Amino acid sequence: MREDFRYGHYDRTVWYLTALTIVVPAALTVVVASRNPDNSYLAAWLVLCFLTVLLLLTISAPVRIRVTDHRIELRGVLKSTFIEIADITDVRTIRRHEIRSKIPLWGVFGYFGYFGCYIDLRDGRLYRLSVTSRNRLVLITTSRGRYIVSSRQPNLLAKTILAQKEVPVA
């Protein structure tokens, strides 16, 4: 069995933060270039650095969730995370307010979503987020860690994962 789920639609905050991530570096580059017309190499270096960071952020963005017989694949543009079904201890949907206390330790906050390693300020636990919208969230707890993903159909995703968990592995 293989079933694909799309991530949720980008919410308004994600669009604002994505635009801000693009506009602020572009404005900074224009200011630096206009202040130092003789030193255009500085503006060129800034453009190169900002484009490199934006490219790295873009290739890490979440694309889809695939549930197979033995694992869950959190697929990105170039990077995928695999969660073994046998390692899963709990799956449940969560509400938007439950991720408010999480801040990025190593990851992205707003540029095409929220993904990477986040820490919960309340209890100090680490979470792996792969979220495009802070609505319709699913918490997957494993023996190795906790994952929060967003999906257009969070209840169906949770039921599908639980159904795979109950199927005996041959």
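This is a short chat about a predicted model of one protein chain.

Biologist: How many helices and strands are in the chain?

Modeller: The chain has three helices and ten strands. From the N terminus on, the order is β-α-α-β-β-β-β-β-β-β-β-β-α.

Biologist: What box do the C-alpha atoms fill?

Modeller: Roughly 70 × 30 × 25 Å, taken along the principal axes.

Biologist: And how much of the chain counts as buried?

Modeller: Of its 170 residues, 39%. The chain exposes about 10200 Å². Carbon and sulfur atoms supply 59% of that area.

Biologist: Let's take α2. Where does α2 run, and how far does it reach?

Modeller: Helix α2 covers residues 40-59, which is 20 residues. From first C-alpha to last, α2 reaches 29 Å.

Biologist: Which residues of α2 are buried?

Modeller: Ala43, Leu54 and Leu57. Seen down the axis of α2, these buried residues fall within an arc of 55°, so they line one face of the helix.

Biologist: What does the face turned away from the buried side carry?

Modeller: That face of α2 carries the exposed residues Tyr41, Trp45, Leu55 and Leu56.

Biologist: What covers the buried residues of α2?

Modeller: The cover includes α1 (12-35), β6 (102-110) and β7 (113-120).

Biologist: What about α1 itself, which residues are buried there?

Modeller: Val14, Thr18, Pro25, Thr29 and Val32 are the buried residues of α1. Their cover includes α2, β6 and β7. Helix α1 has 24 residues and reaches 34 Å from its first C-alpha to its last. That is close to the 34 Å expected at 1.5 Å a residue.

Biologist: Switching to strands. Which order do the four strands of the open sheet take?

Modeller: β1-β2-β3-β4, with antiparallel pairing. The edge strands are β1 (2-6) and β4 (80-84), and each pairs on one side only. Neighbouring strands are turned by 20° against each other on average, direction ignored.

Biologist: How many bridges join β3 to β4?

Modeller: Five bridges join β3 (residues 71-76) to β4. Arg75 stands opposite Ser80 in β4.

Biologist: Which helix packs on that sheet?

Modeller: Helix α3, residues 154-166. Helix α3 touches β1, β2 (62-68) and β3. The direction of α3 makes about 35° with that of β2.

Biologist: Last one. What share of the contacts between residues at least 6 apart in sequence joins residues at least 24 apart?

Modeller: In this chain, 53% of those contacts do.

Technical notes: Residues are numbered from 1 along each chain as its sequence is written. This is a predicted model: local features need pLDDT of at least 70, side-chain atom pairs count only at pLDDT 80 or more; totals for chains, interfaces and linings use all residues. Side-chain values use heavy atoms; hydrogens and water are left out. Helices (H or I, at least four residues) and strands (E, at least two) are DSSP runs, numbered from the N terminus. The expected span of a helix is 1.5 Å times one less than its number of residues. Buried means under 20% relative accessible area, exposed over 50%, partly exposed in between (1.4 Å probe, protein chains only). The arc is that of the directions from the helix axis to the C-beta atoms. Contact means heavy atoms within 4.5 Å. Two strands pair if DSSP finds at least two bridges between them. Axes are lines fitted to C-alpha atoms, for helices over the stretch in contact, and angles run from 0 to 180 degrees between N-to-C directions. Accessible areas come from the Shrake-Rupley method with a 1.4 Å probe; for residues, only the protein chains shown count as cover.
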